[in-house]
Amino acid sequence: MKNHEIPDGVLPKRLELFYGGQWHPPKNGVFVDTINPAYNTPICATPLSDAEDVDAAVRAAHAAFPAWADTLPTERAKYLCKAAQVIRAHAMPLAQLDSLNNGNPVSALARDAESAAELLEYFAGLATENKGETIPMGSGNLNFTVREPLGVVARIVAYNHPFMFAAVKMAAPLIAGNTVVIKAPDQAPLSILKLAELVGDIFPPGVVNFLCGNRTCGEALSKHKLVRKVTLVGSVGAGMAVARSAADDLKPILLELGGKNALIAYPDANKEALVEGIIGGMNFTWAGQSCGSTSRLFLHESIHDEILARVVDLVPHRHVPGIPTDPATTMGALVSKEQLTKVEGFLASALDEGARLVSGGKRPGSPDLKEGFFFEPTILADVTPGMRIANEEVFGPILSVLKWRDEDELFEAVNNVDFGLTGSIWTTDLDKAHRAARRIQTGYVWINNSSQHFLGAPFGGIKHSGIGREESFAEIAEFTYTKNINIKFR
């Protein structure tokens, strides 16, 4: 499916901004081309928000907040469930649109709509659980707490799952009684406009609002006085920029940022399952563009050569770069030329520092892919903890393999990075599993598993990987504040 082969109903009908229940052209009149990364060709021109558009959207959300906060929680839940139904009904067009715009395989993105619908329904089901507590004060007093919504929440989402992130990130703040302004990723804005088209009219005007824009738009959202909390799924640099902007107003933040995640393999691990976990955990399907990718593989020296050989044998057959909109494709493109250049730079620096290339390491040779931002699934051996490739997030399809012998030295290397998002531990020994889970410094741990998220399990990181927790009741709490009320009886 090339640009001229886009099926009817895939592209959004309105290429404008959506806020206050209506579509609006950008106030500055600026539209910019959004690119198909498989061909490096423009798809269409999308609106570019500036501070004036941000102000208008935030004010619309602010005006809608009192009535939405007063809406019964069970009624708010009905809105979310209706949005989930609509999203399910348009699962394939949404997957095709994201595949066209961000380069991920359409067959893999097809699951995103169901994931989004499930999370919307999950948070709808928690509508009446947003409770306070009573505090004993003796017979003359009643003391209790309530959770109150914050107001306008800004949610800035990432390009690797733009539609899914936009859909699920509005759920928790909405069910808690907040209104939201969602900013699309500048690399892949189309599915957010499609989402606005599908669900914008479901909610009362101003409750959900959608903007497209670049860093200027994100900064304006972070600084706006009427935004009560700003959240981001994105890079560490973007997260730090949001934190700096929000700090001027002491605005709370919620950040889900990068990772340099470790997969630790003990000698007693089930080898067949381990190999599958290594390949799946790296997220080669998304060309490694996943914050949870286990991109550092720590293999015990006793199994290092055997497991490495198995992975090297399987990966090039499992994940072959191809046109993302082709249902047979098992590995997509990087989102932009800038990201491709970044990946090539990381590989060059790793080889300069002594890493050994054992698989991939170049752009694919197929003539069909020559104009796009494709890169082969790449595996590096002989990586050591001091190398740049072992410390910085690539956000691309490079797996770094490190050999370990001593457990204390292992965890020193695993934890001696600025990140702490996920970790994967492989062993059949229960004692080792618990010990390792306690020692690894991350917010999310898999044992004999990788990459999978679980409905209701809090997801988030520590250190430069982020602040706060999502995908669970903890996410609702992120968008409320606790108010204490004391009643003194006569």
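In which kind of crossing does H1 pass H8? The crossing of H1 past H8 is right-handed. The structure considered here is a predicted model.

**Helix H1 against helix H8**

- Helix H1 covers residues 51-70 and helix H8 covers residues 215-223; the two pack at an angle of about 45 degrees, and their axes are 9 Å apart.
- H1 and H8 are therefore oblique to each other.
- On the H1 side the contact is made by Ala51, Val54 and Val58, and on the H8 side by Cys217, Ala220 and Leu221.
- Sorted by class, this contact of H1 with H8 comprises six nonpolar residues, with no polar and no charged ones.

- Leucine 221 is located in helix H8, and with a relative accessibility of 0% it counts as buried.
- Leaving aside residues up to four places away in sequence, leucine 221 touches Val54, Val58, Ala154, Ile156, Val181, Lys183 and Val227.
- The C-alpha atoms of leucine 221 and alanine 51 are separated by 8.0 Å, although the two residues are 170 residues apart along the chain.
- Histidine 224 belongs to the loop between H8 and strand S10, the latter spanning 227-233.
- The relative accessible area of histidine 224 is 12%; a residue under 20% is classed as buried, and histidine 224 is therefore buried.
- With residues up to four places away in sequence not counted, histidine 224 touches Val54, Asp55, Val58 and Lys251.

**Helix H2 against helix H4**

- Helix H2 (residues 73-89) packs with helix H4 (residues 106-125) at an angle of about 170 degrees, and their axes lie 8 Å apart.
- An angle over 145 degrees counts as roughly antiparallel, and H2 and H4 are therefore roughly antiparallel to each other.
- From H2, the residues in contact are Ala77, Leu80, Cys81, Ala83, Ala84, Ile87 and Arg88.
- From H4, these residues meet Ala113, Glu114, Ala116, Ala117, Glu118, Leu120, Glu121, Phe123 and Ala124.
- By class, the contact of H2 with H4 contains 12 nonpolar and four charged residues, and no polar ones.

**Helix H7**

- Helix H7 runs over residues 190-199, and nine of its 10 residues are buried, so H7 is largely enclosed by the rest of the structure.
- The buried residues of H7 are Leu190, Ser191, Ile192, Leu193, Lys194, Leu195, Ala196, Leu198 and Val199.

**Aromatic pairs**

- The count of aromatic pairs comes to 10.
- Tyrosine 159 and phenylalanine 395 form an edge-to-face aromatic pair, with 5.9 Å from centre to centre and 85 degrees between the planes.
- Tyrosine 159 lies in the loop between strand S7 (152-156) and helix H5 (162-169), while phenylalanine 395 lies in the loop between strand S15 (378-381) and strand S16 (398-404), so the pair ties together parts that are 236 residues apart in sequence.
- Tyrosine 159 counts as buried at 11% relative accessibility, and phenylalanine 395 counts as buried at 16%.
- Ring pairs also link Phe18, Trp23 and Phe210 into a cluster.

Definitions and conventions
Residues are numbered from 1 along each chain as its sequence is written. This is a predicted model: local features need pLDDT of at least 70, side-chain atom pairs count only at pLDDT 80 or more; totals for chains, interfaces and linings use all residues. Side-chain values use heavy atoms; hydrogens and water are left out. Axes are lines fitted to C-alpha atoms, for helices over the stretch in contact, and angles run from 0 to 180 degrees between N-to-C directions. Helices (H or I, at least four residues) and strands (E, at least two) are DSSP runs, numbered from the N terminus. Angles under 35 degrees count as roughly parallel, over 145 as roughly antiparallel, 65 to 115 as roughly perpendicular and the rest as oblique. A crossing is left-handed if the near helix is turned anticlockwise from the far one by less than a right angle, and right-handed if clockwise. Contact means heavy atoms within 4.5 Å. Ala, Val, Leu, Ile, Met, Phe, Trp, Tyr, Cys and Pro count as nonpolar, Asp, Glu, Lys and Arg as charged, and the others, Gly among them, as polar. Buried means under 20% relative accessible area, exposed over 50%, partly exposed in between (1.4 Å probe, protein chains only). Rings of Phe, Tyr and Trp (its six-membered ring) pair if their centres lie within 6.5 Å; planes under 30 degrees apart count as stacked, over 60 as edge-to-face and the rest as tilted.
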